[in-house]
Amino acid sequence: MGCDVWPRERAALLQQGLAEVSDFLDAYVDEEGDELYRTAVGDRGCVFLREDRGCRLHHTGLKPEVCVLAPRHPEEADEMKEEELLPCHDSWRYGGPAGP
Ligand code: SF4
């Protein structure tokens, strides 16, 4: 599964040429009534995961808010992974200079 992106974030990524429409699934409304887009996944996870390591949106200023704010601690990371909300988790390298 991919991560959830606000409509304004998706629009900005498309406008800046950092994403294509196919990089997102159709919009859906979550249990809190928010409209969201989930990022599509490829063989290795989220489509924004780079071939070597890390998120290719990391240095663009347009990394999805959820990927910046969460997880706040290892337990939350485990919970999100169980819910398949951290598609790039398996490629994380703790302690290195470049994060996801
Ligand atoms: S941080 Fe991970 S889940 Fe979020 S956009 Fe980047 S590759 Fe995708």
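Is Asp30 buried or exposed? Asp30 is exposed, because 9 other C-beta atoms lie within 10 Å. The cut-offs are these: a residue is buried if 20 or more other C-beta atoms lie within 10 Å of its own, exposed if 12 or fewer, and partly exposed in between, with C-beta atoms placed from the backbone.

Before I go on, two notes on the model. Residues are numbered from 1 along each chain as its sequence is written. The model is predicted: local features need pLDDT of at least 70, side-chain atom pairs count only at pLDDT 80 or more, and totals for chains, interfaces and linings use all residues.

Now the overall layout. The protein has three helices and five strands. Helices (H or I, at least four residues) and strands (E, at least two) are DSSP runs, numbered from the N terminus. Read from the N terminus, the order of elements is β-α-β-β-β-β-α-α. Of the 100 residues, 23% count as buried. Contacts come up several times, and two residues are in contact if their C-beta atoms, placed from the backbone, lie within 7 Å. If we take contacts between residues at least 6 apart in sequence, 57% of them join residues at least 24 apart.

Next, the sheet. Three strands form an open sheet in the order β1-β3-β2, and the pairing is antiparallel. The edges are held by β1 (4-5) and β2 (28-29), each with a single partner strand, so one side of each has no neighbour in the sheet. Two strands pair if DSSP finds at least two bridges between them.

Take the two pairs in turn. β1 is joined by two bridges to β3, residues 35-38, and Val5 has Tyr37 as its bridge partner in β3. β2 is also joined to β3 by two bridges, and here Tyr28 has Leu36 as its bridge partner. The hairpin of β2 and β3 has five residues between the strands, and Gly33 in that hairpin has a positive phi near 85 degrees.

That brings us back to Asp30, which sits in the loop between β2 and β3. Asp30 and Asp4 are 26 residues apart in sequence, and their C-alpha atoms are 9.9 Å apart in space. Val29 belongs to strand β2. Val29 counts as exposed because it has 9 C-beta neighbours inside 10 Å. Apart from neighbours within four places in sequence, Val29 is in contact with Asp34 and Glu35.

Now helix α1, residues 7-15, where Glu9, Arg10 and Leu13 are buried. Looking down the axis of α1, the buried residues fall within an arc of 100 degrees, so they line one face of the helix. The arc is that of the directions from the helix axis to the C-beta atoms. Arg8 and Gln15 are exposed on the other side of α1. The cover over the buried residues of α1 includes β1, β3 and α2 (65-69). After α1 comes Gly17, with a positive phi near 75 degrees.

What is in the largest nonpolar core? It has twelve residues in all, among them Val5, Phe24, Tyr37 and Cys67. A nonpolar core is a set of buried Ala, Val, Leu, Ile, Met, Phe, Trp, Tyr and Cys residues joined through C-beta atoms within 7 Å. Val5 is in contact with Arg10, Phe24, Leu36, Tyr37, Thr39 and Pro64, leaving aside neighbours within four places in sequence. Cys67 is in helix α2. Cys67 counts as buried because it has 23 C-beta neighbours inside 10 Å. Not counting residues up to four places away in sequence, Cys67 touches Cys3 and Cys55.

Last, the ligand. Which residues come nearest to the ligand? Of the twelve residues around the ligand, they are Cys3, Cys46, Cys55, Cys67 and Cys88. Near, for a residue, means that its C-beta atom, placed from the backbone, lies within 6 Å of the molecule or strand in question. By class, the shell has eleven nonpolar, one polar and no charged residues. Ala, Val, Leu, Ile, Met, Phe, Trp, Tyr, Cys and Pro count as nonpolar, Asp, Glu, Lys and Arg as charged, and the others, Gly among them, as polar.
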